[in-house]
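Colleague: I would like to learn how to read a model like this one. Please take me through it feature by feature.

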Amino acid sequence: KMTQQMRDLQLAQARKPPGPSSPNAAKRLYRNLSGKFRVNYTSFDEGSLAGRGEKEKLRKSYLFQSNAALFEAVELQDLDRVQELLKQYSPEELDLNTPNSEGLLPLDIAIMTNNAPIARALLQAGAKESPHFVSLESRSLHLSTLVREAEQRVNELTAQVVNEAPNADCSEKEKQLRAWEWRYRLYKRMKAGFEHARVPDAPTNVHLSVASSSSVQVTFWEPLSVNSAVVTKYKVEWSCSPTFSPPLGEAVIDKLKNLHFTIRGLVSGTAYYVQVSAYNMKGWGPPQASVPPFAIPSNWREYDGRAPRRRGQAEALDHLLGQVKTVHQHCVCHEPCKNQPQSRKHSVSKSLKHLFHPGSKFLKTLKRGLYLTAIFYKDDNILVTHEDQIPVVEIDDTYSCLLMQDFLWFTKVSCMWDEILWLRQCVTVSQSSCSCILQTRFKMLLAISQMQGLLGIQDLGQVFFEPVKDKQGNILIVTLKEVKTNQTFESVRWVPICKLQTGRKSVSSLEEPTALDTLLISIQDKLAYHQRSSHALSPGLYLGYLKLCSAVDQIRVLVPERLPNILCHVKIRSNPNISREEWEWLQKMASMEEPIPAETEAETSQNHLFQELQVAIKELMTLVNIPLQEAKDFRLYSQEVLDFGGQVSFLLLLPPSDDVCTAPGQNNPYTPRSGFLTLPLQIFELGEER
């Protein structure tokens, strides 16, 4: 029987992918020497299997081998191999939480051999401890049994090897003996690790903060001690009493990738005490009270009962637009507009054929005037016409000086690409008394409709924050849109951007490039801007720096290039909520001529916010190249907290009132380092909304 088992094991090992080698070949056989096989191996030559059944059998065999490889890597304390297997396979494919024939899981072996790095890697992958260990006594008994059985098996094999004459069977028994000797040492090491372990110390840096009007958040770190066993879970408890009698609730955290927990469903205005304790194979350690010791669920708006600034604004705008449309129901544009969404449902691939149609009205060259160009890109490719040109249509050939008001109006229209036909037809009705400005804007709507019709796409994307101009009097308004679909468009040319840039035959000089040449030269920068402007901040509370500069026809705002839809900023903390107590403290600070900092020894949320603000202000001043001594003249905007979707909030840091907005010709002694740009305020507002 043993010989047949060894043959089966050899077959399995022959299929096993390369991995870390054991001290000897017999060591890899330990799992089946007890006669308790997890899988019955059957030769693939025995019988004929259907194609699907054979593939399934091969898959299961391969996954079993990966599970065996994981056990082996954990036992050999090979962290690199463990991480490689966890990355290559899912927990389900590895059978990460299925006990082996000895009733052990990979995590059990890691924690009882006190291998903290491997245990942490397994825990982050979702590993659990064996359900067989319901108590300290059951774990101790199980380990003692494994040691005793391994010792007995070693003694039996030793006697057989000593008493038998040298032959093939004796050589096989020597291999088994070496495997069981190694197994015996492993079990003894695990048993010793368990016996010498103690319960974990309390978690460290247990911090409590107010997450909302009905929740608090607790964050914590691992215990400092390295002498106890690996912590496998934590328990968060909360109560309205500092003695935690009676307790109100508790939660066990066994997913240890992020050590934090949000307690929800609490009563606003009530103080809640929180403590956290750690668990290892020896049991629960002592609890650690949070700092501050309690928190009161609240929000800064409760200070004066203020309603959210944007509450109902979207609905009000939709209602206003509906009223405007109702007024124009009598005009000829009403019926076509009503059916417009259905007529636009044709596919992009079908309508993009217009790009290559001989009757296309895309322009090849620019004459003195105002033009619209749409840039569609996917990965490193850009959409071009059949003549390898970026799609361009004419807006006005008599318009050689784009007024900022017209451009900003165009950017607002970009929020209503679906309504262009309706807007155009309604403007047509009122043209009997239209002004030059209205005529220009009607031509803009006409050009948008033409571009949409030729491309067959309503959404032309985002307007770049400034037009492209040349000395010949050409002005290009640029829209940018990323095509994320993997659909292959019929008869459409996607040209690599680098090929388009190098292959274009320029008709202008390097000293005076045309607007189209300038666009191609700077297209990578524009695409990078478009991609960065759609990025979102991670949840948290931020400190923003508001700096404006004015020109004759516009006000511009300073923003970082890496995130141009947000003010210059640094992160204060991960919790975006400002509690009522924190906001009340900020109001008192703002009303004082000489602010008095919070007591440094007081463990309060206000003091913690004060310390966080100090760090954030120093970091922000360094970022925008302003000497720290100048920060004493800056002030926090104390009228409100800027809230963006509930997950991101801002406190604003303002320069002295005379320096908030730099006037034309005014010298700014502190110029930010590279990595910043200024956007027209209206463009910034639209980008923020996106």
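Modeller: We go from the whole chain to single elements, keeping in mind that this is a predicted model.

Colleague: How many helices and strands does the protein have?

Modeller: The secondary structure comes to 19 helices and 24 strands. The protein has 690 residues, and buried residues make up 46% of them. Its accessible surface comes to about 35,700 Å², and carbon and sulfur atoms account for 52% of that.

Colleague: What share of the contacts join residues at least 24 apart, among those between residues at least 6 apart in sequence?

Modeller: That share is 73% in this protein.

Colleague: Now a helix. Which residues of helix 11 are buried?

Modeller: First the general idea: an α-helix has 3.6 residues a turn, so residues three or four places apart point the same way. In this structure, helix 11 covers residues 404-413 and is mostly covered, with seven of its 10 residues buried. The buried ones are M404, D406, F407, L408, F410, T411 and V413.

Colleague: Next, strands. Why is strand 11 described as largely enclosed by the rest of the structure?

Modeller: Strand 11 spans residues 392-396, and four of these five residues are buried, so the strand is largely enclosed by the rest of the structure.

Colleague: How many bridges join strand 9 to strand 11, and do the two run parallel or antiparallel?

Modeller: Strand 9, residues 369-378, is joined to strand 11 by four bridges, and the two run antiparallel. To find the pairing on screen, look for L370, which stands opposite D396 of strand 11.

Colleague: In what order do the four strands of the open sheet lie?

Modeller: The order is 23-17-18-24, and the pairing is mixed. Strand 23 (661-662) and strand 24 (676-680) are the edge strands, each pairing on one side only.

Colleague: How do strand 17 and strand 23 run, parallel or antiparallel?

Modeller: They run parallel, with two bridges joining strand 23 to strand 17, which holds residues 548-550.

Colleague: Last, a single residue. Where is F644 found, and why is F644 called partly exposed?

Modeller: F644 belongs to strand 21, residues 642-644. Buried would need a relative accessible area under 20% and exposed one over 50%; F644 has 23%, so F644 is partly exposed.

Terms used. Residues are numbered from 1 along each chain as its sequence is written. This is a predicted model: local features need pLDDT of at least 70, side-chain atom pairs count only at pLDDT 80 or more; totals for chains, interfaces and linings use all residues. Side-chain values use heavy atoms; hydrogens and water are left out. Buried means under 20% relative accessible area, exposed over 50%, partly exposed in between (1.4 Å probe, protein chains only). Two strands pair if DSSP finds at least two bridges between them. Contact means heavy atoms within 4.5 Å. Accessible areas come from the Shrake-Rupley method with a 1.4 Å probe; for residues, only the protein chains shown count as cover.
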